[in-house]
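Biologist: I would be grateful for a close look at a single part of this model, the sheet and what surrounds it. Please proceed from the pairing of strands to the side chains, and then to the helices.

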Amino acid sequence: MFTTIRSLGLLGIEGYEVRVECDVSGGMPRFDMVGLPDSAVREARERVRAAIGNSGFKNTNNRVTVNLAPADRRKEGTLYDLPITVGLLAVTGQIPVPPEDCAFVGELSLSGAIRPVKGMLPMALSAKEAGMKRLFVPVANAAEATLVEGIEVYGVERLTQLVDTLCGRSQMHPTAAWDLREEKTTLPDFSDVRGQEPVKRGLEIAAAGGHHVLMSGSPGSGKSMLARRFPSILPEMTREESLATTQLWSVSGLVDPKRPLVTHRPFRAPHHTISSHALAGGGTVPRPGEISLAHHGVLFLDELPEFQSAALEVLRQPLEDGEVQISRVSGTMVYPSRFQMICAMNPCKCGWYGHPSGRCTCSSQSVQHYLGRISGPLLDRIDIKMEVPALDFEELSQRAPGESSAAIKKRVDAARAIQRERFGKDGPLCNAQMGQKELRQYCQLDAACTALMRSAYEKMALTARSYDRALRVARTIADLAESEELKVEHLAEALQYRTAGALG
């Protein structure tokens with residue numbers, strides 16, 4: 001006796017169809033699992049047997065063979081419990097064979113309850129591509145699966161509920177598509193920040209053009225406070241950006257079942273003790289790291305020189321390409337990682353170098369050693385570098401609130417609208433992503449601008465990369481000023497962001 005049940009698998013953030021082939025034959029009782037299963041999949045036989053018995057159905061005493069096809073791809077996780085159970089119940093005649101357009105995904109408890117699994121959104125997308133019309137999933141994953149249009153999703157709570165539906169004794173209704181309700185989300189606001197107007201200006205430029213930022217200043221000057229308010233001035237996420245980010249969060253098990261779509265730009269702030277594998281992603285079967293979880297959002301690295309050098313160096317490729325490639329024996333995964341990096345650091349080990357109080361105890365050699373923890377190639381990839389000075393009493397004691405995030409965001413949104421119209425649907429998303437073609441077309445310099453850039457290139461020892469990045473920042477400054485042409489003042493402001501405090 002033989003039957004095939006359709007299910008789904010996950011490779012990185014890409015789903016694919018898996019056919020669960022169940023065969024029951026004569027011989028000594030035995031349960032064999034083939035098709036490159038990992039330990040979690042092999043343990044499914046114990047969960048399946050217990051769930052079938054505890055749900056009031058009969059376990060077979062014959063030899064059982066389950067093949068997970070395609071057999072050349074490694075299967076992992078607990079998501080095959082439900083399709084294996086359905087296949088065994090069908091092959092032993094306890095339920096009819098499900099229609100060909102149905103697929104099943106879910107983990108079983110020993111009592112027969114259906115538990116949620118990771119990666120439901122990418123698997124639902126692959127189900128639609130494979131022509132599946134009905135998808136039976138754990139009830140906790142149902143809302144997430146409904147983000148994919150054109151497929152009926154059924155949230156299953158228990159095995160007995162599913163069996164009654166397949167046997168026609170009861171009817172399950174498809175889960176309604178998750179409705180995005182506008183919920184008022186209060187983010188930290190820039191109006192809370194006293195003073196630091198030049199730094200706010202730099203962050204506004206960064207938000208408008210998608211540029212990376214490094215802030216240097218003594219403890220308590222407001223670096224972290226400013227960074228945590230940065231998401232409040234970023235443009236709203238598009239549907240495409242939300243789905244792309246949600247897939248990464250889904251694979252990592254971070255999706256909220258009650259609000260399955262990531263609609264606010266992520267803000268990831270890993271501790272400086274993080275390893276390179278946790279930052280970039282990794283593991284026996286590579287999983288997304290912090291830089292991928294920050295996709296279309298913000299990666300905040302506080303105390304930048306305190307990070308391990310190996311961890312910082314893995315940022316080089318993602319900062320340039322917007323993706324990270326992880327190679328392991330089990331295969332190579334490519335995860336998107338198009339994020340904005342906001343960094344903060346002290347100017348020295350004790351933190352007080354350059355402070356008006358003069359309490360720095362570091363020698364010049366110690367200061368240089370501390371700053372030397374950040375490599376030149378990484379610094380070269382940061383567009384905007386700013387010094388965050390200590391506030392004096394008059395600035396700190398001001399009662400009037402500063403400019404609100406809403407007011408800044410209006411200017412940012414206007415600049416982004418200019419960029420969308422300029423680049424079109426298939427072009428870069430923002431100025432920071434411009435390639436050489438766009439730089440030649442939209443960053444043309446007149447004689448005065450050329451003379452300024454020539455002087456800066458020689459005196460500031462710019463590299464080809466930093467030259468291009470200065471042009472991209474200048475283009476953003478021009479967009480904020482609603483200027484079609486780059487002017488000397490735009491270039492001059494962009495160039496001043498190439499150095500910051502002790503880093504200059």
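Modeller: In this predicted model, strand β8, which spans residues 134-138, is joined to β5 by 3 bridges, and the two strands run parallel. Within this pairing, A103 is found opposite L135 of β8. The two strands belong to an open sheet of 3 strands, in which the order is β5-β8-β9 and the pairing is parallel. The edges are formed by β5 (102-104) and β9 (152-156), each of which pairs on one side only. From one strand to the next, the twist averages 20°.

A helix accompanies the sheet. Helix α6, comprising residues 159-166, lies across β5, β8 and β9, and its direction makes an angle of about 135° with that of β9.

The structure holds 5 aromatic pairs. One of them is formed by F104 and F136, whose ring centres are 5.0 Å apart and whose planes meet at 10°; the pair therefore counts as stacked, the limit for stacking being under 30 degrees. F104 lies in strand β5 and F136 in strand β8, so that the pair links distant parts of the chain, 32 residues apart.

Helix α2 (residues 44-54) and helix α3 (residues 81-91) have axes that come within 10 Å and cross at roughly 55°. The two helices are therefore oblique to each other, and their crossing is right-handed. On the α2 side the contact is made by A44, R47, V48 and I52, and on the α3 side by D81, I84, T85, L88 and L89. By class, the residues of this contact comprise 6 nonpolar, 1 polar and 2 charged.

The other pair consists of helix α7 (residues 197-209) and helix α17 (residues 405-423), which pack at an angle of about 35° with their axes 8 Å apart. Here too the crossing, that of α7 past α17, is right-handed. From α7, the residues E204, A207, A208 and G209 meet I408, R411, V412, A415, R416 and Q419 of α17. The residues of this contact divide into 5 nonpolar, 2 polar and 3 charged.

Key:
Residues are numbered from 1 along each chain as its sequence is written. This is a predicted model: local features need pLDDT of at least 70, side-chain atom pairs count only at pLDDT 80 or more; totals for chains, interfaces and linings use all residues. Side-chain values use heavy atoms; hydrogens and water are left out. Axes are lines fitted to C-alpha atoms, for helices over the stretch in contact, and angles run from 0 to 180 degrees between N-to-C directions. Helices (H or I, at least four residues) and strands (E, at least two) are DSSP runs, numbered from the N terminus. Angles under 35 degrees count as roughly parallel, over 145 as roughly antiparallel, 65 to 115 as roughly perpendicular and the rest as oblique. A crossing is left-handed if the near helix is turned anticlockwise from the far one by less than a right angle, and right-handed if clockwise. Contact means heavy atoms within 4.5 Å. Ala, Val, Leu, Ile, Met, Phe, Trp, Tyr, Cys and Pro count as nonpolar, Asp, Glu, Lys and Arg as charged, and the others, Gly among them, as polar. Two strands pair if DSSP finds at least two bridges between them. Rings of Phe, Tyr and Trp (its six-membered ring) pair if their centres lie within 6.5 Å; planes under 30 degrees apart count as stacked, over 60 as edge-to-face and the rest as tilted.
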